[in-house]
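Work through the exercises below with the sequence and the 3D structure open. Each task is followed by a solution in steps.

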Amino acid sequence: MATATTTDSSAFSDIRLGVIGGTGLYQLEGLEKVGEVQPQTPWGKPAAPIMIFRTPNGHRIAFLARHGLHHDYTPSEVPYAANIAALKSIGVQLIVAFSAVGSLQEEIKPGDFVLPSQIIDRTKGKRLDTFFGKGIVAHASFGEPFHKPLRELIYAHRDRVSSISVHTEKLAIAMEGLAFSTRAESNLYRSWGGDVINMTCIPESKLAREAEIAYQLVCMATDYDAWRESEEPVTVAEVMETMKTNAINAKHLLGSMLPALESKLYEAEDPQDVEFTSDLHGSMARSLQQPKEHIGDEPRQRLAHLYPTFFSH
Ligand SMILES: CSC[C@H]1O[C@H](OP(=O)(O)O)[C@H](O)[C@@H]1O
Ligand SMILES: Nc1ncnc2[nH]cnc12
């Protein structure tokens, strides 16, 4: 059962845009909060109540703190599947996900923002990274792990944070943690062409793809990880210090692109008619490996939570 609080009865209708905040970004400031909800999903409850905000244009958008409001979950423990399923269940079609990352390249300075286009997965199989299995098999297309039109839209609004550089089309390494990388690992990732490193973009991006949600990670560089011989390896104190200004820039970037995102997402009366995310609509039905008639009741009910019409025709 969902736990919901609201001061506005229409707070939960027509929410299409979702924002995920990571380390150092636990709320959205400057917008009017109209309610919150923490829906139960077949994968449990999300890490925190999803906060619903009304934009100046009158649309409702959702915000979720990935690790919980007080950073309660480690990157390995974050309930990623519940987070994504809960956002999907309230109507979210597109997610802008913020993440604090280490820089693996000299030209990406702490404070810079990075829009990756690719990921190398160095997580260690500890995390649930699919909604499928247990009687239902589907292989999502993940060659392009992020949503290119969304990435281009975000990049087009980089002028609002002109005091920093915004880098695009970069390679993110997703590591397991909890400890940061050794110098040798950091150098290995550099030799692979890695540009930034974090601990959360797998499985979050993969689950968003399975949920047919357009997803782009906005990385905020906080440190130079461990590869630079001239510097001490990264510490949490360094990350949190840089995040103070990064959080302000995140707010500016989001504020500047919000009207463009709203016009892409909210102009169509029927959410199913949103052109910007139409490449994803129905993509998992096409990724199904089995004939539908061989799928049992439990997986049907579980997946109906994500795709309400999947089994109805
Ligand atoms: C405290 S630094 C390591 C931590 O920061 C990043 O979190 P998030 O991606 O949620 O912003 C990184 O992925 C690690 O979880
Ligand atoms: N150096 C680093 N490694 C992994 N995740 C990070 N998040 C911020 N800095 C990081």
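Predicted model: local features only at pLDDT ≥ 70, side-chain atom pairs only at ≥ 80, totals over all residues.

**Exercise 1. Confidence of the model**

State the confidence values for the chain and for the model.

Solution. 
Step 1. For the chain, the mean pLDDT is 95.
Step 2. A pLDDT of 70 or more is reached by 96% of the residues.
Step 3. The scores of the model are ipTM 0.99 and pTM 0.96.

**Exercise 2. The surroundings of ligand 1**

List the residues around ligand 1, sort them by class, and find polar contacts made by side chains.

Solution. 
Step 1. The residues that surround ligand 1 are Gly 22, Thr 23, Arg 66, His 67, Pro 75, Ser 99, Ala 100, Phe 180, Asn 198, Met 199, Thr 200 and Val 239.
Step 2. Sorted by class, this shell has 5 nonpolar, 6 polar and 1 charged residues.
Step 3. The side chain of Thr 23 has a polar atom 2.8 Å from an oxygen atom of ligand 1. For Arg 66, a polar side-chain atom also lies 2.8 Å from an oxygen atom of the ligand. In the side chain of His 67, an N or O atom is 2.5 Å from an oxygen atom of ligand 1.
Step 4. On its own, ligand 1 has 390 Å² of accessible area, and the protein covers 92% of it.
Step 5. Ligand 1 takes up space in the second largest pocket.

**Exercise 3. The surroundings of ligand 2**

How many residues surround ligand 2, and which are the closest?

Solution. 
Step 1. Ligand 2 is surrounded by 13 residues, the closest being Ala 100, Gly 102, Thr 222, Asp 223 and Asp 225.
Step 2. The shell around ligand 2 divides into 8 nonpolar, 3 polar and 2 charged residues.
Step 3. At least two residues of this shell come from each of strand S6 (94-103), strand S9 (196-198) and strand S10 (214-223). S6 gives the most, with 3 residues.
Step 4. Now take the contacts of nitrogen atoms of the ligand. A polar backbone atom of Ala 100 is 3.0 Å from a nitrogen atom of ligand 2. From Gly 102, a backbone N or O atom lies 3.2 Å from a nitrogen atom of the ligand. Asp 223 uses its side chain, where an N or O atom is 2.7 Å from a nitrogen atom of ligand 2.
Step 5. The protein covers 95% of the 260 Å² of accessible area that ligand 2 has on its own.
Step 6. The second largest pocket is where ligand 2 sits.

How values were computed: Residues numbered from 1 in each chain as written. Chains lettered and ligands numbered in written order. Heavy atoms only, no water. pLDDT = per-residue confidence, 0-100. Near = heavy atom within 4 Å. Polar contact = N/O pair within 3.5 Å; in protein donor to acceptor, adjacent residues only side chain to side chain. Areas by Shrake-Rupley, 256 points an atom, 1.4 Å probe, with all protein chains shown as cover. 1 Å grid on protein atoms, 1.4 Å probe; cavity = no way out; pocket = protein on both sides within 12 Å on 5 of 7 lines; lining within 4 Å. Sits in = over half its atoms within 2 Å of the grid points. Nonpolar A, V, L, I, M, F, W, Y, C, P; charged D, E, K, R; others polar. Helix = DSSP H or I, 4+ residues; strand = E, 2+ residues; numbered from the N terminus.
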